Amino acid sequence: MIEFSKKYLELVSGEFEGLNLTRITDLKDFHLKQVEDAIRSLDCKLFHVELFKSKTLLDVGFGGGFPILPLAKKLADFKFVGIDARNKKVLAVEKIAEYLGIRNCKFYHYRLEELEIDTEVVITFKAVGKVDELLSKINNSVVTTAFFYKGPDFENEEKNLKLPALWKKISHEEIRIEGLTKRFLIGYKNVPRGTFLKNKPVVKLSSLI
């Protein structure tokens, strides 16, 4: 994956530099903090089980393409969907995926609350906000799991979390990368009762896959 990281960094710090897709300019740091951080999540037991069961991942607020592009590169037979509220970044990451030869991703300009999660999928969040606020925006009519990439300060955040109804924490595993501060993957699950949706979704996720 080093060559993948090198080409990826050349793109985000070259042609797409003006979009601030990453603040990291050193190749070693980029590889560890963006690429390895994404794919090492597969070592987390429950994340691995859930993802390999659904073989579909929805990445919310993917920004510069993390973790969606490294995971899609690693799991070429799986399906990946990314949504972001900033259309310029959607268009840029589409091009980056094309340049990197990744064909199993689709990217859309949507907000999370505009989707109905109507099909089995694993949802990922990285550096996009607070757990409870984001979970409250998920409109799901099927059982749904969501995983958050978090740093060592998550313990302080967790003290003040107020999980939305029907959501429960199911995992808290460390992403082990030598030389980096502690990273964690935190999992939550929701088992909906009936098909009641909090908001009025614009589109069903199944139509985007």
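**Entry 1. Surface and overall form**

I began with the surface: the protein chain exposes about 10,600 Å², of which carbon and sulfur atoms supply 48%. Accessible areas come from the Shrake-Rupley method with a 1.4 Å probe, and for residues only the protein chains shown count as cover. I note that this is a predicted model, in which local features need pLDDT of at least 70 and side-chain atom pairs count only at pLDDT 80 or more, while totals for chains, interfaces and linings use all residues. Residues are numbered from 1 along each chain as its sequence is written, and side-chain values use heavy atoms, with hydrogens and water left out.

I then looked up the dimensions. The C-alpha atoms of the protein chain fill a box of roughly 45 × 35 × 30 Å along the principal axes.

Of the 209 residues, 52% are buried (buried means under 20% relative accessible area, exposed over 50%, partly exposed in between, with a 1.4 Å probe and protein chains only). Among contacts with a separation of 6 or more, 71% join residues 24 or more positions apart (contact means heavy atoms within 4.5 Å).

**Entry 2. Strand 9**

I counted seven helices and ten strands in the protein chain; these are DSSP runs numbered from the N terminus, helices being H or I of at least four residues and strands E of at least two.

Lys189 lies in strand 9, residues 183–190. I found the side chains of Lys189 and Glu50 joined by a polar contact of 3.4 Å. A polar contact is a pair of N or O atoms within 3.5 Å; within protein, one must be able to donate a hydrogen and the other to accept it, and residues adjacent in sequence count only if both atoms are side-chain atoms. Beyond four places in sequence, the residues that Lys189 touches include Val143, Thr145, Lys168 and Ile170.

Asn190 is also placed in strand 9. Asn190 counts as buried because its relative accessible area is 4%. Its side chain makes a polar contact of 2.9 Å with that of Asn140. Leaving aside neighbours within four places, Asn190 is in contact with residues including Val142, Ala165 and Trp167.

Leu135 is found in helix 6, residues 131–135, and is buried at a relative accessible area of 0%. Not counting residues up to four places away, Leu135 touches Ala146, Phe148, Leu163, Pro164, Trp167 and Tyr188. I recorded 9.7 Å between the C-alpha atoms of Leu135 and Lys189, which are 54 residues apart in sequence.

Asn87 lies in helix 5, residues 87–99, and is partly exposed at 34% relative accessible area. The C-alpha atoms of Asn87 and Tyr110 are 8.6 Å apart, with 23 residues of separation along the chain.

**Entry 3. Backbone geometry in loops**

I noted a cis peptide bond from Phe66 to Pro67, with omega near 5°. Pro67 sits in the loop between strand 1 (56–60) and helix 4 (68–74).

Lys55, which is not a glycine, has a positive phi near 55°. Lys55 is in the loop between helix 3 (45–54) and strand 1 and is partly exposed at 44% relative accessibility.

Ala127, not a glycine, has a positive phi of about 55°. Ala127 belongs to the loop between strand 5 (122–126) and helix 6, and is exposed, with a relative accessible area of 78%.
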